[in-house]
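Here is a short briefing on domains, strand pairing and hairpins. Please keep the 3D view open while reading.

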Amino acid sequence: MNYVILDMEWDSAYHKLHKRFVNQILQIGAVKLDEKFNLIDIFDVTIKSPISKRVSRRFTELTGITKEMMLDGISLSDAVEKYNNWLGSDTVTITWSNSDLYTIAENEKYLLDGQRFKIDKYLDLQVFIQGELRLLGHEIKSQISLGGAAELLGITTDNYDLHTAKDDSLLCAALLKKHYNEAAFGKLIRDTADPDFYKQLYFKPYYISSINDDRIQKETHVFHCEKCEGKLRRNNKWKYHNNWFSANFICPDCGKKYVCRVSYRQTYDKLVVRRRIMEPKVKTQEVGDDAVQPVSATV
Ligand SMILES: [Zn+2]
């Protein structure tokens with residue numbers, strides 16, 4: 001089995017026929033690695049836009065690819081054919097975050113005539129490296145950039161021309177070689193032939209906005225007193241705001257008041273429940289609310 005780390009640079013351009021902007025791929029860079037992550041081969045092509053005679057200034061600033069370089073490139077169709085032949089069989093395709101997969105799908109839909117990028121097995125390197133960083137004790141909240149991850153892992157990026165497809169791929173390879181962990185890595189390899197793969201890719205997570213939703217288990221919005229551990233009684237109806245349900249609670253045993261919040265985020269394969277228990281802010285209005293709100297038994 002070989003590994004190919006794929007990186008692409010794309011620029012948005014208006015597609016007159018489809019009357020929409022398309023993230024057209026203008027550069028494909030990839031490195032092929034053997035099972036021990038030694039470099040076997042490099043793929044690097046620049047592509048002539050099928051829909052535009054220019055590139056955005058931001059794109060040139062970021063990637064170093066000028067209008068002249070783009071116009072001098074090969075066609076997208078030729079690039080994909082060349083890439084697919086180069087990829088070979090029994091290969092795991094690796095990208096830094098799955099955003100490249102969305103762009104590939106967009107290019108297949110709007111710029112290619114039935115032609116597809118060959119991706120058999122797939123792994124999201126960003127997910128893997130973020131997992132390794134967490135194991136090392138780093139707190140990773142949002143998606144980390146490739147350069148940011150390299151810095152945290154002590155890999156110098158001085159010798160890489162970041163945001164060029166080839167060098168981004170080479171940097172990915174350096175990260176992988178240094179921090180490979182067989183068990184965690186193997187678990188993340190996905191088969192794109194599995195019907196769930198693309199279903200999951202296009203699934204948009206969302207928050208549940210009705211507390212009576214069948215997927216919500218009632219014990220997830222039961223709270224206990226932090227002082228005496230008694231089961232709290234809810235004093236008003238759940239309010240839904242900014243993805244969170246919140247309500248006022250009181251402990252029937254010790255009389256302590258709380259504001260409790262809970263949110264339910266539906267992802268492709270699970271319902272993520274988050275809970276908060278807080279003391280009410282000392283505000284005359286809130287005390288007033290408590291006083292006038294009837295005790296509600298409805299869930
Ligand atoms: Zn209590």
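A residue counts as buried if 20 or more other C-beta atoms lie within 10 Å of its own, as exposed if 12 or fewer do, and as partly exposed in between; C-beta atoms are placed from the backbone. Strands (E, at least two residues) are DSSP runs, numbered from the N terminus. This is a predicted model: local features need pLDDT of at least 70, side-chain atom pairs count only at pLDDT 80 or more, and totals for chains, interfaces and linings use all residues. Residues are numbered from 1 along each chain as its sequence is written.

**Domains**
- The protein chain is assigned domain 1 (2–202) and domain 2 (206–292); such bounds come from an automatic or database domain assignment.
- Between the C-alpha centres of domain 1 and domain 2 lie 43 Å.

**Strand β2 and its partners**
- Strand β2 (residues 20–33) is largely enclosed by the rest of the structure, because eleven of its 14 residues are buried.
- Strand β1 (residues 2–15) runs antiparallel to β2, joined by 13 bridges; two strands pair if DSSP finds at least two bridges between them.
- K32 in β2 is opposite V4.
- Four residues separate β1 and β2 in a hairpin, and K19 in the turn has a positive phi of about 50 degrees.
- Seven bridges pair β2 with strand β3 (residues 39–46), in the antiparallel sense.
- Q27 has T46 in β3 as its bridge partner.
- The β2–β3 hairpin has five residues between its strands, with F37 in the turn at a positive phi of about 65 degrees.

**Strands β11 and β12**
- Eight bridges pair strand β11 (residues 257–266) with strand β12 (residues 271–278) in the antiparallel sense.
- L271 in β12 is opposite Q266.
- The hairpin from β11 to β12 passes through four residues.
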